[in-house]
There are 2 protein chains.
Amino acid sequence: MARKKSETETSTETAETTRRAPMRDFSRSLPMSLLRAREAVMRQFRPSLRNHGLTEQQWRILRALTTVDAIEVTELARVAFLLGPSLSRILRDLEARQLIERRTAKADLRRAVVSISAKGLKLIEAVAPTSEAIYAEITSRYGARKLAELQDMLGVLERSLVAMEVAGEEGGEIEE
Amino acid sequence: MARKKSETETSTETAETTRRAPMRDFSRSLPMSLLRAREAVMRQFRPSLRNHGLTEQQWRILRALTTVDAIEVTELARVAFLLGPSLSRILRDLEARQLIERRTAKADLRRAVVSISAKGLKLIEAVAPTSEAIYAEITSRYGARKLAELQDMLGVLERSLVAMEVAGEEGGEIEE
DNA sequence: CGATTTCACTTAACATGTTAATCATCTCCC
DNA sequence: GGGAGATGATTAACATGTTAAGTGAAATCG
């Protein structure tokens, strides 16, 4: 079905009639909804970050570092929601740009402790006003109450999915 | 502030007390909430896709192709929510694996038209049951009603952000 | 102790995200 | 109809996502 070549049309747009309707189910899936929403949000921030020579992830790391004195790499990965390998690379670059400082823990030579540098702090302070203005604009447009509600629902979703993972492993997957 | 070395502690976990509280604001931002929620969802699907040799994006493309007879590359990018360069690479690989077919439009030699192959369809049919089971499980755990509401809210957010972009450009950024 | 295992982090390898540049075609307008 | 500009698609270059493997140090247990 849906094979008709649309003879009543001007023909430069073949299949224009064929594709409109049946795609809905797919593009309305939960992963796609989340992806598009997040992309729409980040599209607001990226230009400003880019003007300051920062990627989204680099910003996340520096932003997280401003809230602590110092932090171990693994914990930083958890907080900034980055995988170890990504974090490793980014920290190498940020250190080369002298935006962060890294030292090894005295008690455990495996662990590295990271903190933001003065230069890094200055950069953050340069970006923050724009970022906060954008965030405020988003909040105002969407509604502060609704935004809080949305984030609550996202949190609940996240937790129910974590519970789902646990339930799927309780048999004993020790098959290495 | 918050510089005390925690002399009352066993000292292997320096800064353990320093970092718990002050991180909240950051990790509760809207982009982080969306990112974590989406990751929690995708974590459910990735293993199954991986078992069938598909990445998330390859699956999105094939899944989109099942809903149309054929589709132009640009339109496919829009529907599968991928940027052109990513799509280009993935289509090259999927074509090499004979999961899709590609031909050039007769009316406009710039345009390429893509469709799923029999082999691709078979693959989709092999993956779909597991995917749908997972989706059903998510729906059941989170609640169908709440899920629909969440997706509505995400859609509203997306649209209000698009409106925001337009508003930010209406002065005339003709500065090349 | 000392071998084995675990742990923190890094590298490696490949796939995708992101922006800019390139290439071929197509449109439009004179 | 021919040249300037627009358009569809790809390629290039760099950053990150993702999984597996590697490396060195610490914990564990015999």
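Which side chain does a polar contact of 3.4 Å join to that of A:Gln151? I opened the predicted model with that in mind. The partner is B:Ser33, on the other chain.

**Entry: A:Gln151**

I placed A:Gln151 in helix H8 of chain A. Is A:Gln151 buried or exposed? I found a relative accessible area of 18%. The cut-off for buried is under 20%, so A:Gln151 counts as buried. Next I listed what A:Gln151 touches, leaving out residues up to four places away in sequence. From chain A there is A:Tyr135. From chain B there are B:Arg28, B:Ser29, B:Leu30 and B:Ser33.

**Entry: A:Leu161**

I stayed on helix H8 of chain A, which also holds A:Leu161. Its relative accessibility is 1%, so I logged A:Leu161 as buried. I then looked up its contacts, setting aside neighbours within four places in sequence. They are B:Ala37, B:Ala40, B:Val41, B:Gln44 and B:Ile138.

**Entry: the interface**

I turned to the contact between the chains. Chain B gives 62 residues and chain A gives 62 residues. The buried area comes to about 6,400 Å². Carbon and sulfur atoms give 70% of that area.

How many salt bridges does the rule find across the interface of chain B and chain A? It finds two. I noted one of them, A:Arg36 with B:Glu158. Their closest N and O atoms are 3.4 Å apart.

I checked which helices of chain B supply at least two residues each to the side that touches chain A. They are H2 (24-27), H3 (30-51), H4 (56-65), H5 (73-80), H7 (118-142) and H8 (144-169). By class, that side of chain B has 36 nonpolar, six polar and 20 charged residues.

**Entry: the cores**

I looked up the largest nonpolar core and found 34 residues. Those with the most contacts inside it are A:Leu34, A:Leu150, A:Leu157, B:Leu34, B:Leu150 and B:Leu157. Helices H3 (30-51), H7 (118-142) and H8 (144-167) of chain A each give two or more residues to this core, as do H3, H7 and H8 of chain B.

Another core, of 27 residues, lies apart from the largest one. I noted A:Phe26, B:Trp59, B:Val68 and B:Ile124 among its members.

Definitions and conventions: Residues numbered from 1 in each chain as written. Chains lettered and ligands numbered in written order. Predicted model: local features only at pLDDT ≥ 70, side-chain atom pairs only at ≥ 80, totals over all residues. Heavy atoms only, no water. Contact = heavy atoms within 4.5 Å. Buried area = accessible area lost by both parts, 1.4 Å probe. Salt bridge = Lys/Arg side-chain N within 4 Å of Asp/Glu carboxyl O. Helix = DSSP H or I, 4+ residues; strand = E, 2+ residues; numbered from the N terminus. Nonpolar A, V, L, I, M, F, W, Y, C, P; charged D, E, K, R; others polar. Core = buried A, V, L, I, M, F, W, Y, C linked by side-chain atoms within 4.5 Å. Buried < 20%, exposed > 50% of the residue type's maximum accessible area, 1.4 Å probe, protein only. Polar contact = N/O pair within 3.5 Å; in protein donor to acceptor, adjacent residues only side chain to side chain.
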